[in-house]
Amino acid sequence: MKIQSTEITDTFAEAFKMSAARIIVTAESDYWAMAAAQSVTGFATSVIGCRCEAGIEKKLSSNETPDQRPGVSVLLFANSAKGVGNRLVERIGQCVMTCPTTACYNGLEDADESIAVGEKLRYFGDGYQASKVLNDRKMWRIPVMEGEFLMDNAFGAQAAVGGGNLLFLGKELSSTLKAAEAAAKAMRQVPNIILPMPGGVVRSGSKPGSRYKALPASTNDAFCPTLRGSAPKTELRDDETCVLEIVIDGLDESSVADAMRRGMHAAVAAGGEGLARITAGNYGGNLGQYHIGLHPLL
Amino acid sequence: MKLSLHTPPEVPLEAEIISPTSLSGLSEAEVSALMLHHGNRKEALGEFFTVSGKMNGRLEVEGDLSFVKLLGRDMAGGEMIIEGNVSGHLGAGMRGGHIIVNGNVQDWTGEDMTGGTITVNGNAGHMVGSGVRGAEQGMQGGQIFVHGNCKNETGGAMRRGLIVIGGNSGDFTGLNMVAGTVIVLGEMGIRTGASMKRGSVISMKPARMIPTFSYSCTYKPTFLRFYLNYLRELGFEIDDAWLTGNYQRWCGDAMALNKGEILLFQP
């Protein structure tokens with residue numbers, strides 16, 4: 001199948017079952033809400049090395065947030081609800097509570113599981129913390145040097161989909177970058193998903209395992225153009241000299257699929273003839289619970 | 001079901017059986033035959049009320065109930081709508097459901113309640129949400145909304161829950177308070193928060209502090225936005241400035257645990 005001059009491989013992205021939380025960070029201004037959101041989603045590109053994947057879902061206006069202040073919606077993914085809870089305690093404690101004027105709320109009210117987060121972080125208050133319960137919503141007021149940090153006692157965690165992906169195979173760097181950037185921009189418009197990699201795009205795609213026993217993953221040599229002559233196998237054709245990938249995590253499979261569909265169309269439009277092919281990463285269908293075919297999306 | 005007062009009692013009528021919970025499953029005749037204490041005598045409910053309709057979780061009571069005490073006692077669910085003024089101990093020990101009074105209530109509204117909601121579209125007497133004399137705890141949950149004024153010792157020894165007074169409160173608001181939240185949109189009387197351990201008393205008007213409260217700071221308490229927005233939804237008049245404005249925070253009572261707070265809006 002082709003869209004304009006770009007071939008779409010008849011394959012699928014193999015995605016995995018994960019657990020996710022949505023947190024709403026608010027502050028006195030957009031600036032501080034975004035500062036906290038960027039901090040709380042830092043070093044969260046891959047569960048392989050970061051123990052979670054996180055990203056900014058969208059900016060929220062003051063009439064969309066629980067306390068009617070400017071805010072940012074953040075999604076965080078880990079391999080289990082317990083992992084989500086642990087990461088939230090670490091990250092909200094170190095990256096949101098520390099940020100001036102912020103507050104932090106649960107953004108998944110009907111989630112499968114409830115995780116104690118404020119219940120643990122409240123101890124920072126050293127006995128001066130105070131709870132407030134309004135209509136079954138329990139919040140903690142933790143005194144800080146600038147005033148009070150307000151956060152929900154519990155956060156929801158729900159089953160989610162991690163590792164949806166697209167691979168953009170270009171004839172040269174410039175058009176491949178343009179394609180990936182445009183795809184990432186289009187995909188960010190889809191609710192319920194994040195692109196956890198820097199700028200939404202990753203160049204160091206990985207394969208499972210390594211010749212070094214300590215490493216759970218290593219470079220995806222079959223897609224490295226510099227290894228075309230030395231790796232045992234290459235997935236690249238002669239005119240494909242640059243590969244960029246977009247990883248998508250979402251609260252449900254349909255959102256991930258919708259993002260992939262939009263991403264492919266945007267990439268083709270931006271990459272032009274320089275974008276030779278779009279494909280997706282999988283492990284033969286043996287590892288992931290979700291198989292999102294590219295052709296059915298178009 | 002509807003209970004209409006046809007013969008006002010001459011002395012207090014102890015009507016603790018009048019609640020959707022107590023009358024559930026009873027016919028008109030059975031309800032009429034229920035016995036109440038009228039002063040020191042027992043008399044049938046039908047001697048005072050005309051009973052009509054079936055119980056379906058909603059109970060209407062109408063008339064001048066100024067001598068009818070303990071309405072809604074131990075109520076666990078359903079809705080009770082009262083048209084008229086009510087005597088004391090309304091909703092005592094209430095666990096759930098909603099009592100709405102379109103009139104005034106006397107003392108001890110919501111005494112010892114642990115859940116549910118009481119809405120008074122009028123004024124209230126003394127001891128709203130308080131514990132009885134000598135009790136370690138007052139209200140332990142639920143919500144009381146008084147759209148008018150109330151008298152003294154609102155929230156006395158309350159441990160959990162929310163009390164909102166749309167008008168003014170009397171003296172000793174939050175006396176002996178253990179925890180929970182009292183919001184007074186109008187003015188409070190003197191000696192607010194005396195002997196309180198924890199909890200919040202919040203007012204939109206200036207108030208005189210007792211000497212055992214210490215001024216902490218003036219700041220913007222984010223949590224208050226949740227309460228004020230909720231109250232606006234319930235029909236209280238909430239000024240936009242209260243949502244975003246500054247509040248003085250006073251800590252006390254130093255004679256007790258010193259972890260209580262009084263928040264006063266700063267125009």
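User: How many helices and strands are in chain A?
Analyst: This is a predicted model, and chain A has six helices and 17 strands in it.

User: What share of the contacts in chain A join residues at least 24 apart?
Analyst: Counting contacts between residues at least 6 apart in sequence, 74% of them do.

User: And what about dimensions, what box do the C-alpha atoms of chain A fill?
Analyst: Along the principal axes, roughly 65 × 45 × 30 Å.

User: OK, inside now. What percentage of chain A is buried?
Analyst: Buried residues come to 49% of the 298.

User: Which residues have the most contacts inside the largest nonpolar core?
Analyst: Val25(A), Leu76(A), Ile92(A), Phe168(A) and Ala267(A), in a core of 166 residues.

User: Take Ile92(A), then. What does it touch?
Analyst: Leaving out residues up to four places away in sequence, Ile92(A) touches Ile23(A), Val40(A), Met97(A), Cys104(A), Val117(A), Leu121(A) and Met151(A).

User: Switching to the interface: how many residues of chain A are in contact with chain B?
Analyst: Eleven, and they meet twelve residues of chain B.

User: Which elements of chain A give two or more residues to that side?
Analyst: Strands S8 (130-134), S9 (137-144) and S10 (147-152) of chain A.

User: How do the residues on that side divide into nonpolar, polar and charged?
Analyst: On the side of chain A that touches chain B, five are nonpolar, two polar and four charged.

How values were computed
Residues are numbered from 1 along each chain as its sequence is written. Chains are lettered from A and ligands numbered from 1 in the order in which they are written. This is a predicted model: local features need pLDDT of at least 70, side-chain atom pairs count only at pLDDT 80 or more; totals for chains, interfaces and linings use all residues. A nonpolar core is a set of buried Ala, Val, Leu, Ile, Met, Phe, Trp, Tyr and Cys residues joined through C-beta atoms within 7 Å. A residue is buried if 20 or more other C-beta atoms lie within 10 Å of its own, exposed if 12 or fewer, and partly exposed in between; C-beta atoms are placed from the backbone. Two residues are in contact if their C-beta atoms, placed from the backbone, lie within 7 Å. Helices (H or I, at least four residues) and strands (E, at least two) are DSSP runs, numbered from the N terminus. Ala, Val, Leu, Ile, Met, Phe, Trp, Tyr, Cys and Pro count as nonpolar, Asp, Glu, Lys and Arg as charged, and the others, Gly among them, as polar.
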